[in-house]
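Subject: Handing over the structure

Hello,

Here is the structure I promised to pass on to you. Please open it first, and then read my notes alongside it.

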Amino acid sequence: MDLADAGVWAERLRFDRARAARNQPPELAAITATVEARSRDVGARALILSGSTARARRTRVSDLDYHVIGGRPEIGHPTEDIDLYCDDAETFMAKLRSGDDLVHWSVWYGCLLFDDGVVQSAATYVAGHDGWPDASRKVRQAQSALGFTEQIVDSGDRGAALEQVRGLLSLTARWLLLAHDVFPLSRDELSDQALDLGCVDLAAALHRSIHCEPEFDELATGVRLVKHLTSLSAARARRARLPSLMTTAD
Amino acid sequence: MSPKPKVQVAREHLTKAQDEAAGGDPRDALQWGFASLEAAIDAIAAARGIAIDEKHWKRTEAARSLHATGVLPKDLSNLHRSLNEARKAVFYDGEDPDLGAVSIEDVLSDVEDAVVAAEAEAT
């Protein structure tokens, strides 16, 4: 498939807009329409609906994620938690070349809502250069987030602790998946992807952080798991278990 | 461990934020400051029957309405939203905090107003 071909790209735009419409209930579609209108107003070059909504895998903790290229729209007072990633075109391409997984995610899995050709150029570049996100960035981010997460779990603030641990487990899963040539999808899909990779403890901890209400002990175990895994090479971490989580059946 | 009352958590998080700011760590100062502001809003919202449901946007709206009703001395909704964006960039992307022209000390002064209001609400 020639991504530089105008007809091929127009078909992707049609397909993605239909996918975005299918994946959003009316209240989310209304927010997206506002974001699109404001993005066009500020002269943005492209808008991508990304994350769990693009993948039709929203959960109770999902944000509504967008990637705007070439502008920063003001979106007023939304009635959803919105993540608006804004890059100018040069930064977008620079991040792509440096292996930023969020940019790669937007290019390959996002629902493209409009594009003046900047995303098409990015997709053509990645296809032509066999581009792949830099896994080492994710492990560095996880290691950097460990200290604060550990402290917030100890602080007695359960809501904040759960959110931080969920984020930490997600960073760790993304690292291990990328390091083993698996592209990490949306957050709710990561636990199944991690399980397929053999990361049993990580998959279970991540799933429970999204769908259950783990207590402090379990959150602390999640932090210890990440500390253990990120102290190993990706190859070793894939097969590693946290000793305290292993049963006699193991 | 059991969850602590939000008003207590708000003060303890603020103290950590101030310590980190004084120690020259703007990343942790920002993250603790945001956590403190969220806990303070949660505490006041719970006392006044405002549903938060662990949603950041509802806290932003609560910060606006609590100022409109005179509970908070300032409208901290924009601060809440910008801190939320900044702390996500710190946590997920490892970026340095971008607070624009505002200093971390100014941010924490506003957060302290919310913590004081939460403590007043609790007494």
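First, some housekeeping. This is a predicted model, in which local features need pLDDT of at least 70 and side-chain atom pairs count only at pLDDT 80 or more, while totals for chains, interfaces and linings use all residues. Residues are numbered from 1 along each chain as its sequence is written, and chains are lettered from A and ligands numbered from 1 in the order in which they are written.

Helices (H or I, at least four residues) and strands (E, at least two) are DSSP runs, numbered from the N terminus.

E1(A) has two partners to look at. Strands count as paired if DSSP finds at least two bridges between them. With strand E2 (residues 64-69) of chain A, E1(A) pairs in the antiparallel sense over 5 bridges, and Ile48(A) has His67(A) as its bridge partner there. With strand E4 (residues 111-115) of chain A, E1(A) also runs antiparallel, joined by 4 bridges; here Leu47(A) stands opposite Phe114(A).

Now the domains. Chain A is assigned domain 1 (6-129) and domain 2 (135-245), with bounds from an automatic or database domain assignment. Their C-alpha centres lie 26 Å apart. The contact takes 9 residues from domain 1 of chain A and 10 residues from domain 2 of chain A, where contact means C-beta atoms, placed from the backbone, within 7 Å. On the domain 1 side, helix H3 (51-54) and helix H5 (101-109) of chain A each supply at least two residues.

What does chain A bring to its contact with chain B? It brings 19 residues, which are in contact with 20 residues of chain B. Helices H7 (135-154) and H8 (158-179) of chain A each supply at least two residues of that side, and H7(A) gives the most, with 6 residues.

Chain B itself has 5 helices and 0 strands. Its C-alpha atoms fill a box of roughly 35 × 30 × 25 Å along the principal axes, and buried residues make up 46% of its 123 residues. A compact globule with 123 residues would have a radius of gyration near 14 Å, and chain B, with 13 Å, agrees with this; the radius is taken over C-alpha atoms, and the globule rule is 2.2 Å times the number of residues to the power 0.38.

Last, the cores. A nonpolar core is a set of buried Ala, Val, Leu, Ile, Met, Phe, Trp, Tyr and Cys residues joined through C-beta atoms within 7 Å. The largest has 69 residues, and those with the most contacts inside it include Ala194(A), Leu202(A) and Ala10(B). A second, separate core of 24 residues includes Trp105(A) and Leu112(A).

Enjoy exploring!

How values were computed. Two residues are in contact if their C-beta atoms, placed from the backbone, lie within 7 Å. A residue is buried if 20 or more other C-beta atoms lie within 10 Å of its own, exposed if 12 or fewer, and partly exposed in between; C-beta atoms are placed from the backbone.
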